[in-house]
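User: I'd like to talk through a structure with you. Could you put it up first?

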Amino acid sequence: MSEPGLPPVLLWFRSDLRLADNPALTAAVLSERPVIPVFIHDDDQSGLGGASRWWLHHSLKALSRDIGAFGTTLVVRRGDAPTVLGALIEETGADTLHFNRVPRPRETRQEERVAGLLGRRGSAVHGHDAALLFEPRAVRTQAGGNFKVFTAFWKTCMAMPEPSRPLPVPKALTGWPRSVRGIDVEALGLLPTGVDWAGGLRAVWTPGERGAQERLTDFLEDGVIESYDSDRDRPDREGTSRLGPHLAFGEISVRTVWHAVRTLCAPGSGVTRFLTELGWREFCHDLLLHHPDMAEHPLRPEFRNFPWRSDPEAFRAWCRGRTGYPIVDAGMRQLWQTGWMHNRVRMIAASFLIKHLLCPWQDGERWFRDTLVDADAANNAAGWQWVAGCGADAAPFFRIFNPVLQGERFDPDGTYVRRYVPELAEVPAQWIHKPWNAPPKVLGAAQVKLGADYPLPMVDHTRARALAMSAFRAMSRS
DNA sequence: TGAAATGTTGGGGCG
DNA sequence: ACGCCCCAACATTTC
């Protein structure tokens, strides 16, 4: 127990809304001083989309409850983090700050401002690393640069010492006996105003550390991971972990996931593949750290000359899931309804926006950032550039998905399409991914009138493909 | 972590 | 028996 009179330490929560494997928390507890846990929301700086705001609200509620169980209170404030932290130091006499670094450019800049401001006031500022498996920027080529090819990056990671084991939840947390002014999570105004569009999210997700751990447990049970290698590509199955949003908000640490899989699962192709996906997350963060403008500017500069089209109508149709290509529309509607889209379908839908509609990939990146509960600045930007063919280790631009073939290959029975495009529910599997080819009799029996109940394809695949090729060639010539 | 076009091969039907 | 064509199946190349 701490002596009265000892100055408290500030514990600044950010994208690490958890108590397990939280080195900042552990360090604060070890200091044997009263701990003031703080969360600061900055509406102007957060860059959070609507779906992420919904998630953050519930995740903060969960964290408040969990901290409350220690007899302590999470202090919630809004505003500019360095300013708020400075004010808290004034108010409480705290002389130390612990936080976990967020290895992304925006957050890193914020950390530097905090360190500068608090350092000038004589406070000790301690940043800890727990957001990645391997220390940010520590993975280097032999020449000392950052990797631009994933396989080489991951091979190097796998030759490094295994990631640290996760830290336990501290046994106790001593709070600050005096009350510190804060606001209710509700007052942050993170939930939808007006129309409640979050019903689909509530039905699918449980934000918070408990929910994250349950999701991990579910994934590790029943041998899901054994067939992960193939099932992860099947949107009609529950073959993926769905840990994305929990990782994005730091409700569970990637090291916890890593060691749980390594400890509890028999080695095999599924395990290897899943760990590799965690590797992509590492790679994306490494890329964004070295290319802070990756969400706006293509890594391959020649793509600045790509003749993108400006077509707000087409973009809107894509957003709303009314392209006329069932696998694309199912994905976009799953995203809108649940805040999440299966990864295979993300690739198909993104490819469609970029290569069939020739819309700028940045527009799609922003839409995903606004609608995904697992929106992550690094993963999202890297993923979109990868699909567009202008990123690191990217698919060549001419690798154009055929949405019909992709649908038939990865949703062979049409189960996924039927779930999210109910107007096609009665269309037989043979035609579900290309209803425009179905005999009129079949469509009649399925009670579908194309162009009325469900749109006709907004572009012809073969023609769109040819146009994309010539646009690509135009860019390559210029 | 493609798709489509083009090339090659080999078996069977047939004159 | 032989060559020819057809075409499916597979492989390679091209975008």
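This is a predicted model: local features need pLDDT of at least 70, side-chain atom pairs count only at pLDDT 80 or more; totals for chains, interfaces and linings use all residues.

Analyst: Residues are numbered from 1 along each chain as its sequence is written, while chains are lettered from A and ligands numbered from 1 in the order in which they are written.

User: How many helices and strands does chain A have?

Analyst: Helices (H or I, at least four residues) and strands (E, at least two) are DSSP runs, numbered from the N terminus. On that basis, chain A has 20 helices and 5 strands.

User: What is the radius of gyration of chain A?

Analyst: It's taken over C-alpha atoms, and the globule rule is 2.2 Å times the number of residues to the power 0.38. For 478 residues that rule gives 23 Å, and the chain A value is close to it, so chain A is as compact as a globular protein of that length. The C-alpha trace of chain A spans about 80 × 50 × 45 Å along its principal axes. The radius of gyration itself is 24 Å.

User: Which helix gives the most to the side of domain 1 that touches domain 2?

Analyst: The domain assignment (bounds come from an automatic or database source) gives domain 1 (9-130), domain 2 (132-166 + 193-291) and domain 3 (301-477). Counting contacts as C-beta atoms, placed from the backbone, within 7 Å, 20 residues of domain 1 are in contact with 21 residues of domain 2. On the domain 1 side, 8 residues come from helix H2 (residues 50-68).

User: How many residues of H16 are buried?

Analyst: A residue is buried if 20 or more other C-beta atoms lie within 10 Å of its own, exposed if 12 or fewer, and partly exposed in between, with C-beta atoms placed from the backbone. Helix H16 (residues 377-388) reaches 17 Å from its first C-alpha to its last, close to the expected 16 Å, where the expected span is 1.5 Å times one less than its number of residues. Its cover includes helix H4 (105-120), helix H11 (269-290), helix H14 (343-356) and helix H15 (361-371). The buried count for H16 is 12 of 12.

User: What do the buried residues of H1 pack against?

Analyst: In helix H1 (residues 23-30), the buried residues are Pro 23, Ala 24, Leu 25, Ala 28 and Val 29. After H1 comes Glu 32, with a positive phi near 55 degrees. The buried H1 residues pack against strand E1 (9-13), strand E2 (35-41), strand E4 (96-100) and E5.

User: Is Asp 222 buried or exposed?

Analyst: Asp 222 sits in the loop between helix H7 (209-220) and helix H8 (228-231). Its phi is positive, about 60 degrees, although Asp 222 is not a glycine. With 9 C-beta neighbours inside 10 Å, Asp 222 counts as exposed.

User: How many nonpolar residues does the surface near DNA strand B have?

Analyst: Near means that a residue's C-beta atom, placed from the backbone, lies within 6 Å of the strand. The residues around DNA strand B include Trp 280, Met 347, Phe 398 and Arg 399. Ala, Val, Leu, Ile, Met, Phe, Trp, Tyr, Cys and Pro count as nonpolar, Asp, Glu, Lys and Arg as charged, and the others, Gly among them, as polar. The surface has 2 polar and 1 charged residues, and the nonpolar count is 7.

Note on methods:
Two residues are in contact if their C-beta atoms, placed from the backbone, lie within 7 Å.
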